[in-house]
Amino acid sequence: MKDPASRSLHVAFAALGLAFLAIFSWVLFSEGVADWRTTQTRFRALETTIKNPHQLAAAASVGGLRQIWLPELDRVDRCVTCHLGIEDPTFAGAPQPFSSHPGTWLATHPSDRFGCTPCHDGQGQATDYRNAAHQPQPFVTRPMRPLETIEANCGVCHRAVDAPDAPRLDEGRALIVQSGCFSCHEIPGFDGLTFHGPALDSIGFKVRPEWLRIWLKDPKSYLERSKMGNFRLSNDEITGLQAFLLSQRVIVPLDSTTIDWPKADTSNGRALFGELRCVSCHTVNGRGGTMGPELRRIGDKVRRDWLFSFLKDPHRVQPETAMLQYRLTDDQRRDLSAVLLDEYRAGDTGPEPPPVAYQDARAVAAGRAVFERRGCSSCHRLGSMKQAGRIGPNLAGIADRNPDELVFGNANVRHTADNYIFLKVLHPDALLQPSLMPTFGFARIDAARIALALASIRKTDLPSSYVRTRPPPPPNRPAGQFGELVTRYRCLSCHSIGGFGGDLSTVPLDRIGSQLKHDYVVTYLQNPGAVRVSVEARMPLFHMLSEEATTIADYMSTVLLDDAVDRYDAMFTAAEARRGQELYAQLGCAACHQMGTAGGYVGPELSHTGDRLTPGWIAAWLTSPTTYKPGTLQPDYGLSRTDARALTAYLSSLGTGERSPRAGGRP
Amino acid sequence: MSRLLRRACGVILVLPLSLTAGCGRRATPPSDAVVDAIRAEERVGNLSYSEGQGKHLFAQYCATCHGDEGHGDGQNASNLNPPPPDITTSKNARDAAYLRRVIAQGSAATGRSPLSPPWGRSLSAQQIDYLVAYCQALTRTKR
């Protein structure tokens, strides 16, 4: 008896069996003609044309699947199945996929420790071109990075340190530090860094009301390189904030009614402006330093009493300022204020309005609410407000956020975390999402560099042996009389001690006592001249007292020392000095260094070196310049001990006898 | 029963088809904004990655004398005798091995004046390779 059901079952099983057979044979067949097999055949053919028979015999036979297993990183990279010449320099310039790895990357990142995908991304386990995601593929979250963005992966291991040979990453990180992104966001790798806008406790006394409005509307309309972003405030919000801020009046400026303003001598003020070297820190007319605010339109911004008080005692009026306290008379301050207010402004701003006693309590309260909601206190200290903490989201693991969960709005970009960060940094409100983040107005390239730096912040934790970090240096604030002078003259705005302080000066002070001669320091501080002819930023003219200069020099020559430099036998023979002079000519030192009027002006002028530098330092510097200053233009000639000593003898002999260095100004 | 099987087969067949259809939906591929921004900045004069890196290094270490574009017109060039050569027209600059030697060991190593110093101890081999690539790019573009 035939059951129709069992018959159709038989047929079904037969069909299924055939299907399985077909699939099985297909698998066998496709494995036999797999991409990587044909690739390996091509490689062996190429190898015979590139290598001579001797090398061929020595070459290890390649065949079968090859892979690099990195248990610590939880990766299996089979890229080397096809990239067979990757470690073989004889394949330099061979067609892909056989070319050897460009550059010297594999020497510093051996493939058995780093594999391929930790740097390049892509699907390491795949063995054909498409599945390895050489190009972006659907459903592949991390296809291979193009060289343009590959530095993001350098940053995964090289955290918070300068990554060698990754300039875009370094620039991105520098931009994050300059812009103070970590004031609002917690960003791994930037812990412990702080960023401050000016404290606002007494802003009611400081600025003109109409300026404040312009600034709040769009800071860049007043100051092109403003670090503050545009908060896209409505007119009502601006009115509120303006009222709230102008009601902040804690530190009363000095009373300048006793000053005879009509007698202000602007020509003297102008001369002072040059003499004090204000432009080392402040930009005017497109030139000058960037440490202090640009002064091009300062007359539109600040009130006269405030400016006068600030010049008299900057640290009382604005305790966190980087500005040093000059030793000036009241008349000089008057002249300087008058020049700044009269000459550096957009047009006739009219008479100065009296300090407003804003009493519109409702506007003040509304402004206070805006101040809190937009997280202004993340950057600006204001006594009456509690610190809001970080108002923005934590950026830990931002590079691993699932692109499918991110909102891209109408932007026609590939949905990746990189592109999301980029667009967000560029136009925070453009992604069809309400955003509290201000628009910083970054150039596209800068936004890309920031995105690249942030794209290196991954969720996955690496084994510690892979991670390169540098612990943040402990703050070193010198105490005592020296400390007071350092505070008064704000030395640490430009110089650093123990990694703490500014970097405007390329000379950290950690071993300055072993570098410079005591007498030179005393004279130089009282009348700082230019050591490097071509450098525009100069030490300001402090009008420092000679006791103060001596205190500083004493401290330097007893505390800020380096034993390795100090222990140097400085008894030179005349023969050594003669040999040094020959070497000076032989090595072509004059290409960069001036001596008198002859020679280049890349490095410092050298004709008074003996008065300026200690022999130990000259020798140490000549022997190993990059140790003391990475990236320096001083070449390392690989001098022998004897040659370094001879050059030191010669340079130390220069200028001896004259106790004073060349004084002030351009030569 | 057979109907059931047929239906199952149908589902199995249709499912992958619809998935592939979903993938191919987008007509113009979307751009990669970060890569485009970096390219727009760095691929001036069609420089490759290595050449672009070399350009940075050149600006830092070489341009003071050799000039930004390698014409030998840097701000310090007037102080030098002999003056720095114009790299864009130099025959030697086409020779990678020569360039590598002159950068790493200084011009004295090639029997010329000692005015161009050796950078072999300050720069990594990688960095010197980048510089070589950029110098060769300068001869290629001949701006």
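**Exercise 1.** Into which domains is chain A divided?

*Solution.* The model is a predicted one, in which local features need pLDDT of at least 70, side-chain atom pairs count only at pLDDT 80 or more, and totals for chains, interfaces and linings use all residues. Residues are numbered from 1 along each chain as its sequence is written, while chains are lettered from A and ligands numbered from 1 in the order in which they are written. With bounds that come from an automatic or database domain assignment, chain A comprises domain 1 (65–144), domain 2 (167–193 + 394–466), domain 3 (197–249 + 355–380), domain 4 (251–354) and domain 5 (511–667). Between the C-alpha centres of domain 1 and domain 2 of chain A the distance is 27 Å.

**Exercise 2.** Describe helix α8 of chain A and what covers its buried residues.

*Solution.* Helices are DSSP runs (H or I, at least four residues), numbered from the N terminus. Helix α8 (residues 167–179) has 13 residues and reaches 18 Å from first to last C-alpha, close to the 18 Å expected at 1.5 Å a residue, where the expected span is 1.5 Å times one less than the number of residues. Its buried residues (20 or more other C-beta atoms, placed from the backbone, within 10 Å of their own) are R168(A), L169(A), D170(A), G172(A), R173(A) and I176(A). Their cover, judged by contacts (C-beta atoms, placed from the backbone, within 7 Å), includes α7 (151–157) and α20 (444–454) of chain A together with α2 (33–42) of chain B. Just after α8(A), G180(A) takes a positive phi of about 65°.

**Exercise 3.** Determine whether T642(A) is buried or exposed.

*Solution.* T642(A) lies in helix α31 (residues 641–652) of chain A. Because T642(A) has 10 C-beta neighbours inside 10 Å, and 12 or fewer is the limit for exposed, T642(A) counts as exposed.

Definitions and conventions: Helix = DSSP H or I, 4+ residues; strand = E, 2+ residues; numbered from the N terminus. Contact = placed C-beta atoms within 7 Å.
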